[in-house]
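Please examine the sequence and the structure before working through the solutions.

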Amino acid sequence: IFVSPVMTTALSALVLKENVGWRRWLATMAGFVGAMIIVGPSFEEVGWAVLAPLAAAFFAALRDISTRSLSRIDNGPSILFWSMFVGMVGGFISLPIMGASSVSNEGWLLFVGASAMLAASNRLIIAAFKFASGAIVAPLKYLALIWAAALGYLIWGDIPSLQTALGAVIVAMAGLYIWRREVILERERQK
């Protein structure tokens, strides 16, 4: 799924006609490489199942591009409501395929907590796309890998491997470079 920022950057240039320079393309690709180093993909068992995360990444990129486009004409809460509604409908449609089972009271509490966090994070993503191009916001999603490693250590005592640390450094450097490049371009536009 961490290929979605690359897809979002590409769609930002192709669909929204946003200017994405070669430096940001390289930094986005570097972030993707860092994500792949962290995940450590195994290409031994590639089958039809690989299409599911690619489809999820593509639809995430479409959602981000739609959010960027809609943020010009609609307000954040409305975009949040409709994106959450579409996600909920998609989830219900998938129930016959994925299967469903009864949920305990503790499970419902976890669902409510996860839903609240998802709504808050989606609202922040909507705000980010309102103020910045998709090519700027999308690569910052790679930071989720760093947060996952940090929370894994804090909650479960999982110590990231050297491979994970190397990938995290690449991800962080790519995101910082994109941010720095945008600051430079903004200064040049103001001159």
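In which helix does Thr 28 lie? Thr 28 lies in helix H2.

The structure is a predicted model, in which local features need pLDDT of at least 70 and side-chain atom pairs count only at pLDDT 80 or more, while totals for chains, interfaces and linings use all residues. Residues are numbered from 1 along each chain as its sequence is written, and side-chain values use heavy atoms, with hydrogens and water left out.

**Exercise 1.** Describe how H2 packs with H8.

Step 1. Helix H2 covers residues 22-39 and helix H8 residues 162-190. Their axes are 7 Å apart, at an angle of about 165 degrees.

Step 2. Angles over 145 degrees count as roughly antiparallel, and H2 and H8 are therefore roughly antiparallel to each other.

Step 3. The contact of H2 with H8 involves 13 nonpolar, six polar and four charged residues.

**Exercise 2.** Identify the surroundings of Glu 182.

Step 1. Glu 182 belongs to helix H8.

Step 2. Neighbours within four places in sequence aside, Glu 182 is in contact (heavy atoms within 4.5 Å) with Arg 24, Ile 136 and Arg 189.

Step 3. Glu 182 and Ile 136 are 46 residues apart along the chain, and their C-alpha atoms are separated by 7.5 Å.

Key
Axes fitted to C-alpha atoms, helices over the stretch in contact; angles between N-to-C directions. Helix = DSSP H or I, 4+ residues; strand = E, 2+ residues; numbered from the N terminus. Parallel < 35°, antiparallel > 145°, perpendicular 65-115°, else oblique. Nonpolar A, V, L, I, M, F, W, Y, C, P; charged D, E, K, R; others polar.
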